[in-house]
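Me: Please take a close look at one part of this structure, the packing of its helices. Then set that part in the context of the rest of the chain.

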Amino acid sequence: MTTTTAPSPVLEATGVTMRFGGLTAVRNVDLTVNAGEIVGLIGPNGAGKTTFFNCLTGLYVPTEGKVAYKGTVLPPKPHLVTDAGIARTFQNIRLFANMTVLENVLVGRHTRTKEGLWSAILRGPGFRKAEAASRERAMELLEFIGLAHKADHLSRNLPYGEQRKLEIARAMASEPGLLLLDEPTAGMNPQETRATEDLVFAIRDRGIAVLVIEHDMRFIFNLSDRVACLVQGEKLVEGTSEVVQGDERVIAAYLGEPFEGAPEDTAAAAVEAAEAHATEGDDQ
Ligand SMILES: Nc1ncnc2c1ncn2[C@@H]1O[C@H](COP(=O)(O)OP(=O)(O)OP(=O)(O)O)[C@@H](O)[C@H]1O
Ligand SMILES: [Mg+2]
């Protein structure tokens, strides 16, 4: 690894447009994520954030534009995008409910195991060795997200916040260089949200660049090196957290009310404290 000051782009989306019939959900969006960065993507409901993720990951074929990973333009096919090094989680959790926690992570490793079909069927030494290595790596990831003690639990029995974390571990199992998180704290209580913040920093510290969609402004502005705001499919503003949270267009289009120094800040803190108190000892 070299220590150069020039930013090295992991993701370069250029002129990405996605139309559904008469509706342009994403319009001519450029976005770069550099190595070592956490970039936030915000915008009101229906702004096109998830659609943009779907274009990045090949789930949708963009009407226009291109997506490059580490300098190579990606074909819009999900498995090729995963192979290249981009992993994601979903806004609506997509785990295998009847598989164990460990098995869900092993599914995510699939793309990185080289063992072929016959080797798997015959369960030869090569397969057993690869399987053992996969399990070891999967357990290491479960330890990393704090779920190793639940490796044998069925994923459907996990509380919601833990299911979201498991999705992150499964995504990391494909050994990505870029992780896309679509609302990782949705449905979490304040403590879980704070823990997720630390988790995302730890992921970045492992050398994985992160692009994260969130509605929780406190979370996004604490976390992100840069934030881009989409409104009606277009990138309205992009900049540091300070720049974006102070931009009147963002405030008007998205927050709907002043953010900096607003009395709501104190009110929000009070609500958060009350919620934290209310959820203490509540195991659901
Ligand atoms: N497959 C599709 N077919 C038609 N329209 C779609 C499709 N997917 C998304 N859209 C539309 O594209 C627009 C953007 O939706 P998208 O889900 O990307 O918004 P979002 O920013 O992720 O919103 P939220 O914050 O609520 O998750 C919406 O008007 C949505 O109805
Ligand atoms: Mg969405």
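Reply:
**Helix packing around α6**

Helices α5 and α6 are oblique to each other, because their axes cross at roughly 140 degrees and angles over 145 would be needed for roughly antiparallel. The model is predicted. Helix α5 covers residues 125–145 and helix α6 covers residues 160–172, and their axes come within 10 Å. The crossing of this pair is right-handed. On the α5 side the contact is formed by Leu141, Leu142 and Ile145; on the α6 side it is formed by Lys165, Ile168, Ala169 and Met172. Sorted by class, the contact of α5 with α6 holds six nonpolar residues, one charged residue and no polar ones.

Helix α6 also packs against α3, which spans residues 101–109. Here the axes lie 7 Å apart, at an angle of about 35 degrees. The crossing of α3 with α6 is right-handed. From α3, the contact takes Val101, Asn104, Val105, Val107 and Gly108, and from α6 it takes Leu166, Ala169, Arg170 and Ala171. By class, the contact of α3 with α6 has six nonpolar, two polar and one charged residues. Ala169 of α6 takes part in the contact with α5 and also in the contact with α3.

As for the rest of the chain, the protein has eleven helices and ten strands. Of its 284 residues, 36% are buried. Among contacts between residues at least 6 apart in sequence, 66% join residues at least 24 apart.

Valine 67 is one of the buried residues: it counts as such because it has 24 C-beta neighbours inside 10 Å, where 20 or more are required. Valine 67 sits in strand β4, residues 64–69. Leaving aside residues up to four places away in sequence, valine 67 touches Ala13, Val16, Cys55, Leu56 and Leu74. Valine 67 and threonine 32 are separated by 35 residues in sequence, and their C-alpha atoms are 9.8 Å apart in space.

Ligand 1 is surrounded by Phe20, Leu23, Ala25, Gly43, Asn45, Gly46, Ala47, Gly48, Lys49, Thr50, Thr51 and Gln91. The elements that give two or more residues to this shell are β2, residues 23–34, and α1, residues 49–56. Helix α1 gives the most, with three residues. By class, the shell around ligand 1 comprises seven polar residues, four nonpolar residues and one charged residue.

Two backbone details remain. Most residues other than glycine have a negative phi. Asparagine 28, in strand β2, has a positive phi of about 50 degrees although it is not a glycine. Asparagine 28 is partly exposed, with 14 other C-beta atoms within 10 Å. Glutamine 232, also not a glycine, has a positive phi of about 45 degrees. Glutamine 232 lies in the loop between β9, residues 226–231, and β10, residues 234–239. Glutamine 232 is partly exposed, since 15 other C-beta atoms lie within 10 Å.

Key. Residues numbered from 1 in each chain as written. Chains lettered and ligands numbered in written order. Predicted model: local features only at pLDDT ≥ 70, side-chain atom pairs only at ≥ 80, totals over all residues. Near = placed C-beta within 6 Å. Helix = DSSP H or I, 4+ residues; strand = E, 2+ residues; numbered from the N terminus. Nonpolar A, V, L, I, M, F, W, Y, C, P; charged D, E, K, R; others polar. Axes fitted to C-alpha atoms, helices over the stretch in contact; angles between N-to-C directions. Parallel < 35°, antiparallel > 145°, perpendicular 65-115°, else oblique. Left-handed = near helix turned anticlockwise from the far one by under 90°. Contact = placed C-beta atoms within 7 Å. Buried ≥ 20, exposed ≤ 12 C-beta atoms within 10 Å, placed from the backbone.
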